[in-house]
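Subject: Handover of a structure for your study

Dear colleague,

Please find below the structure that I am handing over to you. Kindly look through it before reading the notes that follow.

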Amino acid sequence: MNRMLYLLAVLAGVVAGCQPQNKSASTISTMKSNEQSPAAAAANAPKVVKSDEEWRKTLTPEQYRVLRQAGTERAFGAAYEEFKKQGAGTYVCGGCGAELFSSKEKFDSHCGWPSFYDPANAKNVLTRVDSSLGTVRTEVLCAQCGGHLGHVFKGEGFPTPTDQRYCINGVSLKFVPASGSNAVKP
Ligand code: FE
């Protein structure tokens, strides 16, 4: 009887502890079936895998809400104002540090969120169909950790080389200034 109770307790703990993680796994699984062959999906599976508890420890509450729960930061917020001031450099994932975008591809779309017309390092950027909110959009995710970055829109008429707008949450990004530019001194 004691053994039975122990097994039930372990099972309950596993289910409760894995729920957010399962959500992430489900997210990635959907991404695979939507756009990739099983082989390609396996190759693109997130390399940085952490428990929900670990993500909560390493991210700010706002980063966790956006990156791990597909939230959206407030338009024209502090991260966006900071983004507009940043000079030459690289934008890496706020969750895992993977290189995602370059300042060379940023542009001012006046939408209230950091905008890029092309990812600097495409292998670290994944997209998938997002049918939430009653519309079909293309979600942008970090390929290394599966973190939600934002959405990409096409054909809006912006005068950029790709006519794409990667509309990215500022808190999902970390700016790394190019050496010799506006690098922060220790
Ligand atoms: Fe990442």
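Which residue in β8 is the bridge partner of T90? The partner of T90 is V176, and the notes below place this pair in its sheet.

The model is a predicted one, in which local features need pLDDT of at least 70 and side-chain atom pairs count only at pLDDT 80 or more, while totals for chains, interfaces and linings use all residues. Residues are numbered from 1 along each chain as its sequence is written.

Overall make-up

The chain's secondary structure comprises five helices and eight strands; these are DSSP runs numbered from the N terminus, helices being H or I with at least four residues and strands E with at least two. Along the sequence, the pattern reads α-α-α-α-α-β-β-β-β-β-β-β-β. Of the 186 residues, 30% count as buried, that is, 20 or more other C-beta atoms lie within 10 Å of the residue's own, with C-beta atoms placed from the backbone.

The two sheets

Strands of a sheet pair through backbone hydrogen bonds, either parallel or antiparallel. Here two strands count as paired if DSSP finds at least two bridges between them.

Six bridges join β4 to β5 (residues 137-142), and D130 has R137 in β5 as its bridge partner.

Within helix α4 (residues 61-68), the buried residues include Q63, Y64, V66, L67 and R68. After α4 comes A70, whose phi is positive, near 55°.

The largest nonpolar core holds 32 residues, of which L100, V140, C142 and I168 touch the most other members; such a core is a set of buried Ala, Val, Leu, Ile, Met, Phe, Trp, Tyr and Cys residues joined through C-beta atoms within 7 Å. Leaving aside residues up to four places away in sequence, I168 touches W113, P114, F116, V140, L149, G150 and L173, where contact requires C-beta atoms, placed from the backbone, within 7 Å.

Yours sincerely

Conventions:
Buried ≥ 20, exposed ≤ 12 C-beta atoms within 10 Å, placed from the backbone. Contact = placed C-beta atoms within 7 Å.
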